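Here are my notes on the model you sent over. Have the structure open while you go through the points.

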Amino acid sequence: MPGTCVIGLQWGDEAKGKLVDILTEDHDIVVRYQGGANAGHTVVSSGQTWKLSIIPSGILRDGVACVVTGGVVLDPAKVLEEMDGLESRGIRMEGKLQLSDRAHVVFPWHIVEDRLLDGSLSGGGAIGTTGRGIGPCYRDKVGRALAIRLGDLYRDDFRARVEHVVDFKNRLFSSWPSGTTAPLDAAAIHAQYATYAERLRPHVADTNAFLLDAVEQGSRLLFEGAQGALLDIDHGTFPFVTSSNSSGVGVASGSGVPGRWVNRVIGVVKAYSTRVGGGPLPTEQDNAIGMHLRERGREYGTVTKRPRRCGWFDAVAARYTARLSGVDELAVMLLDVLGGLDELKICSAYEIDGRRTTQFPSQIADLERAVPVYETLPGWPDELDTARDEHALPLHARRYVDRIAQLLGRPVSIVSVGPDRDQTIIRDSGSARRPWHPLQPANA
Ligand code: GDP
Ligand code: IMO
Ligand code: MG
């Protein structure tokens, strides 16, 4: 049975969590396969708001298995906090949540390194990470010598491993100016993580084996991407990226499930652009438009509460990531946020050093010089939040969505007009292969 995957096509926070929660109804297993506690995925249902981070957004539905694979970097304190929070609200984890024994574990030294190293990019500037130890943990994974995986927490030599790493890290930290960080205490860290390990034990599993059996037996898998494709370590706006493959290319490597089992790739975009942290955002509107988007869209980070930078929809960037991620169809989220603006702009090309291009630059210096070329479309005054089918949308809202579909070369099968599960327009099954409602002539 085929699988579906949900990929953010911008810089994260495209409302992937909302979409995954909705799609879970048609799937048996929801899989988180990269990233870690840097993710903040929101689901709103019947007036209740749920903030998910490492645990898949499918956890709110009954009868669905939720799997965190080895591609994720796992902070046990954060997972337990999340599990406790969900259980206190009546969501049971038992028999429902599996955590890969291959997942690399975030330790206190990773958090320290994240804090100390952000702001020391070789070219200057800061990435503005979430401070969750993500980059340092992935770095130790790739480096191997100092890596500890979830399965290692149950081995007899776990204490010796912690002592080995702490010894190394303390020597490293001591080379920083005195007072920058206190020495780590191996015994205390070991004791704390041994406690975490006992609590997590019922959930730890070989998720590769579980998922491979599941796909071969016909289970329907839903892969939940974290971050967005423009934050992909290899294909994003390096170095202002996260440390995992957050575009579609990461699904197989992160989950251990071959790409041949994914036959529906949904690219999720916000109807405009946002970015948290450093790095270029060519269409940024540091003005009244940006304020409108931030306030109407409540654009403040789920994890760090930082105000998100806001701007017009960037079709050059999203077309690149739609192609990169092998996207079949699009979900356009937060369309309601654009209501009340007289006119809307979409960036359909860049000008770099006077040359016009629709190709997304591979080099950050080129992207920093890119001047957006905008198309202007009429806005709409109406609130969209009660629309439940495409015909209930004002003509100009439909035209705006049509234009995104056209520029990205993919049909739009889902439109979101508010945070709630219900505030969603899903086109009839099979519609994904057809374009979004046929384009109206410009003078219609
Ligand atoms: P994710 O990281 O991609 O899951 O997205 P986040 O949860 O970090 O951010 C998306 C935000 O938009 C959340 O606060 C959602 O509740 C909210 N949201 C989702 N869909 C819509 C929508 O269609 N309209 C509005 N106004 N808000 C939405
Ligand atoms: P979700 O899954 C938005 C950004 C950070 C920073 C950069 C690197 O909710 O869409 P990291 O801590 O990963 O080393 O930070 O990536 N970032 C996100 N931005 N949404 C996210 O996740 C993000 N996860 C990381 O702000 O710029
Ligand atoms: Mg988020």
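1. Where does serine 46 lie? Serine 46 is in the loop between β3 and β4 (48-52), with helices (H or I, at least four residues) and strands (E, at least two) taken as DSSP runs and numbered from the N terminus. Its phi is near 45°, a positive value in a residue other than glycine. Most residues other than glycine have a negative phi, and most peptide bonds are trans.

2. A word on ground rules. This is a predicted model, where local features need pLDDT of at least 70 and side-chain atom pairs count only at pLDDT 80 or more, while totals for chains, interfaces and linings use all residues. Residues are numbered from 1 along each chain as its sequence is written, chains are lettered from A and ligands numbered from 1 in the order in which they are written, and side-chain values use heavy atoms, with hydrogens and water left out.

3. The other backbone item is a cis peptide bond between phenylalanine 238 and proline 239, with omega at about 5°. Proline 239 belongs to the loop between β10 (221-224) and α8 (250-255).

4. Overall, the chain has 12 helices and 20 strands. Its radius of gyration is 22 Å, close to the 22 Å from the globule rule for 444 residues, so the chain is as compact as a globular protein of that length. (That radius is taken over C-alpha atoms, and the rule is 2.2 Å times the number of residues to the power 0.38.) Along the principal axes, the C-alpha atoms fill a box of roughly 75 × 50 × 40 Å.

5. Now ligand 1. It has 19 residues around it, and Lys16, Gly40, Thr42, Asp336 and Ser416 come nearest; a residue counts as near if one of its heavy atoms lies within 4 Å. By class the shell holds six nonpolar, seven polar and six charged residues. (Ala, Val, Leu, Ile, Met, Phe, Trp, Tyr, Cys and Pro count as nonpolar, Asp, Glu, Lys and Arg as charged, and the others, Gly among them, as polar.) α1 (16-24) and β3 (41-45) each supply at least two shell residues.

6. Which backbone atoms lie by the oxygens of ligand 1? A backbone N or O atom of glycine 17 is 2.9 Å from an oxygen atom of the ligand, and a polar backbone atom of glutamate 14 is 3.0 Å from one. Taken alone, ligand 1 exposes 580 Å², and the protein buries 93% of that (Shrake-Rupley areas, 1.4 Å probe).

7. Ligand 2 has 20 residues around it, with Asp13, Lys16, His41, Thr130 and Thr242 coming nearest. Its shell has seven nonpolar, 10 polar and three charged residues. A polar side-chain atom of threonine 130 lies 2.5 Å from an oxygen atom of ligand 2, and a backbone N or O atom of aspartate 13 lies 2.8 Å from one. On its own ligand 2 has 550 Å² of accessible area, and the protein covers 97% of it.

Definitions and conventions: A polar contact is a pair of N or O atoms within 3.5 Å; within protein, one must be able to donate a hydrogen and the other to accept it, and residues adjacent in sequence count only if both atoms are side-chain atoms.
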